[in-house]
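Here are my notes on this one, in the order I'd go through them with the viewer open.

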Amino acid sequence: MGNALRFLCAKCSETSPESDSTGHHGVTAETVGVSALAHDLYNFEITNQVPQELNKHVVSSRKAQSNWYKKLSVAWRETKPPPKSAEEASRLVIQTLKRHQKADVEGLLAFYGLPLPNTLVELTTGAPPSRPQGLKFELHTLPVDAKAVADGDTITVYVSTTDSRESSNVPRDVQVAAVQRSKARAQRNYDQADELHRQIIESGYRVLNIQHEEVLARKYRIRLRGIDAPEGKMPFGQEAKEELVKIVQNKCLRILVFDEDRYGRSVGDVYCNGIFVQESMLKKGLAWHYTAYDQRPELDKWEKEARAKRVGLWSSKNPEMPWEWRKDRREGR
């Protein structure tokens, strides 16, 4: 039995099934679906038994189901690194069982709350253009906290003041406050340290603890260029936010900034581990192409792909445009 299956099995046992979801083990969070599958593969290697409830989701016999789990156990152990995300697990299932009935594969994925084949997307990978037209500056952020994601198109990020672009622009009073705060903490004068940190935050900076080391960082609010995600109270608003969290959480981002909007946010293209974040949001049907401010044909193409698949917000017959939704509320409609 591989270490990856043991680890995910243990993680699964820590999760309580409280959802009404059709997914197995009360699956709502995608990572729980991955853990649930790993748990059952582990049990199968010990007992040769598949979950009883699976019969409600698939059409083939128990003998056929045992054959699937045997194949999946081998594939999981041979995959380096093992699947961690729901999409990775879903692709492994689809590839391993590609010669089996479509209804069975989709039923097995639904059983674990994993993405169905029609919702999976292929993303372009690689570095963005070195100096795209209109670029004002580039940011390389510290790891992003999940709480910093406001919705499906807005993130708060921090850039270390040791960064070459930032180091020469730190206000003198922020530098002094940071030094004084460090001394106050060393003297265990935490009230003074907190007051100094409040002054630093009001100036647009913050002291972050990164791997047990304190880092003075500048705050930037980022508006993802070229897309408009559903607002939080709109259908798929929460799903859009959760997807963006899943992409950027604990990751360092590369952001190409082209403009500043009327709310003081830096408008930019966001890259995470070589993935263009706007592409992912559009292809998964969790954002509109914001054509009023961006006419790039590739964004239009990615939106149309999601429309054709009827994924995300496009599963609705007539989804409301977020800019119209905001206008209606400003005007009291």
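Which residue forms a salt bridge with R307? That is E303, with the closest N and O atoms 2.9 Å apart. More on that pair below, after the ground rules.

1. Ground rules. This is a predicted model, so local features need pLDDT of at least 70 and side-chain atom pairs count only at pLDDT 80 or more, while totals for chains, interfaces and linings use all residues. Residues are numbered from 1 along each chain as its sequence is written, and side-chain values use heavy atoms, with hydrogens and water left out.

2. Overall picture. The chain has 12 helices and 10 strands; these are DSSP runs numbered from the N terminus, helices being H or I with at least four residues and strands E with at least two. Of the 333 residues, 46% are buried. Here buried means under 20% relative accessible area, exposed means over 50%, and partly exposed is in between (1.4 Å probe, protein chains only). Among contacts with a separation of 6 or more, 67% are between residues 24 or more positions apart, a contact being heavy atoms within 4.5 Å.

3. The R307 pair. A salt bridge here is a side-chain nitrogen of Lys or Arg within 4 Å of a carboxyl oxygen of Asp or Glu, and the count comes to 26. R307 and E303 are 4 residues apart in helix α11 (residues 297-309), so about one helical turn separates them. With 38% relative accessibility, R307 is partly exposed, whereas E303 is buried at 7%.

4. A pair across the sequence. D228 and R326 also meet in a salt bridge, at 2.7 Å from N to O. D228 sits in strand β6 and R326 in helix α12, so this pair ties together parts that are 98 residues apart in sequence. Both D228 and R326 are buried. They also belong to a salt-bridge network that links D153, R223, D228, E231 and R326.

5. One more salt bridge to click on. D294 pairs with R296, the closest N and O atoms being 2.9 Å apart. D294 counts as buried because its relative accessibility is 4%, and R296 is buried as well, at 16%.

6. The second largest pocket. Its space comes to about 690 Å³. On the method: a 1 Å grid is laid over the protein atoms alone, and a pocket is an open set of points with protein on both sides within 12 Å along at least five of seven lines; lining residues have an atom within 4 Å of a point. Grid points are joined across faces, edges and corners, and the volume is the space filled by probe spheres set on them. There are 25 lining residues, with R223, D261, R265, Y290 and Y293 lying nearest the centre. Elements giving two or more residues to the lining are β5 (213-224), β6 (227-228), β7 (254-260) and α12 (322-330). The largest share, 4 residues, comes from α12.

7. What kind of lining is it? By class, the second largest pocket is lined by 15 charged, 8 nonpolar and 2 polar residues. Ala, Val, Leu, Ile, Met, Phe, Trp, Tyr, Cys and Pro count as nonpolar, Asp, Glu, Lys and Arg as charged, and the others, Gly among them, as polar.

8. S60 is in the loop between α2 (30-47) and α3 (62-78), and is buried at 16% relative accessible area. Its side chain makes a 2.4 Å polar contact with that of D104; the rule is a pair of N or O atoms within 3.5 Å, where within protein one must be able to donate a hydrogen and the other to accept it, and residues adjacent in sequence count only if both atoms are side-chain atoms. K284, in the loop between α10 (277-283) and β10 (288-289), is buried at 12%. Not counting residues up to four places away in sequence, K284 touches E87, V121, E243, K246, V311 and G312.

9. Backbone checks. The K80 to P81 peptide bond is cis, with omega near -10 degrees, and P81 lies in the loop between α3 and α4 (86-96). N48 is not a glycine, yet its phi is positive, near 60 degrees; N48 is exposed at 53%. F236 is another non-glycine with positive phi, about 70 degrees, and is partly exposed at 23%.

Conventions: On a 1 Å grid over the protein atoms alone, a cavity is a set of points where a 1.4 Å probe fits but cannot get out, and a pocket is an open set with protein on both sides within 12 Å along at least five of seven lines; lining residues have an atom within 4 Å of a point.
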